[in-house]
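Hi everyone, thanks for coming. Let me put the structure up so that we can walk through it together.

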Amino acid sequence: MSKVTQISHPLIQHKLSIIRSKDTGSKDFRELVEEVAMLMAYEVTRDLPVEEVEIETPICRTKSKMLSGKKVAIVPILRAGLGMVGGMVKLIPAAKIGHIGLYRNEETLQPVEYFCKLPQDIEEREVIVTDPMLATGGSAIDAITLLKKRGAKNIRLMCLIGAPEGIKAVTEAHQDVDVYIGAIDEKLNEKGYIVPGLGDAGDRLFGTK
């Protein structure tokens with residue numbers, strides 16, 4: 001079964017409150033999304049495997065721990081997911097980055113795929129899918145399905161804010177995918193937007209309407 005982890009660190013909650021404010025402009029919004037993603041990445045990667053290695057300090061040789069096994073791939077769902085990548089690669093600079101392009105049909109609310117480019121060795125990597133908003137869950141479900149078709153086996157979903165409906169949909173559709181989220185909001189409105197949410201993350205990141 002999927003595990004849903006709400007990361008309620010005070011710094012994350014503080015920054016999310018500023019992100020939500022309608023008075024926060026695109027520059028600050030982008031910087032804060034990147035900062036929150038970096039803070040969340042610390043928790044999302046908590047159980048990555050490590051191995052003991054021998055190194056030499058300026059004083060002596062010693063045994064220490066480094067990451068082992070599967071390497072990481074970060075896969076943002078375009079376009080809003082791009083806003084989370086910068087913060088994550090600051091912590092995991094060796095990660096490879098894939099891209100999945102989906103847009104939401106405004107009438108059916110269903111996602112439509114228009115782009116998919118992934119690392120060739122995606123099946124060997126720990127995959128972290130990023131999208132600031134988990135609303136209906138449709139885009140995340142389709143992105144994860146695409147990843148599995150391309151061979152990915154170890155997938156985690158990381159979002160800033162989610163609605164209960166979207167979380168339920170993703171965890172039922174992909175019971176082997178854990179979800180990490182900064183805040184769980186009240187509901188979706190009749191247009192499929194999260195309430196209270198933060199509006200359209202893509203528009204606020206890139207200054208578009």
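Let's start with a quick one: is D23 buried or exposed? D23 is exposed, with a relative accessible area of 66%. Here buried means under 20% relative accessible area, exposed over 50%, and partly exposed in between, using a 1.4 Å probe and protein chains only.

Before going on, a word on the source: this is a predicted model, where local features need pLDDT of at least 70 and side-chain atom pairs count only at pLDDT 80 or more, while totals for chains, interfaces and linings use all residues. Residues are numbered from 1 along each chain as its sequence is written, and side-chain values use heavy atoms, with hydrogens and water left out.

Back to D23. Its side chain meets that of K22 in a salt bridge at 3.6 Å, N to O; the rule asks for a side-chain nitrogen of Lys or Arg within 4 Å of a carboxyl oxygen of Asp or Glu. K22 is exposed too, at 75%. By this rule there are 14 salt bridges.

Another one joins E31 and K27, at 3.0 Å. Both sit in helix α2, residues 26–44, four residues apart, about one turn of the helix. Helices are DSSP runs of H or I with at least four residues, strands are runs of E with at least two, and both are numbered from the N terminus. An α-helix has 3.6 residues a turn, so residues three or four places apart point the same way.

D203 and R79 meet in a salt bridge at 2.7 Å; D203 is in helix α6 and R79 in the loop between β4 and α3, 124 residues apart. R79 is partly exposed, at 34%.

What about D131 and P132? D131 is buried at 12%, and P132 is buried at 2%. Counting contacts as heavy atoms within 4.5 Å, and leaving out residues up to four places away in sequence, D131 touches M158 and I77, among others. P132 has A201 and I161 among its contacts.

That's my tour; happy to take questions.
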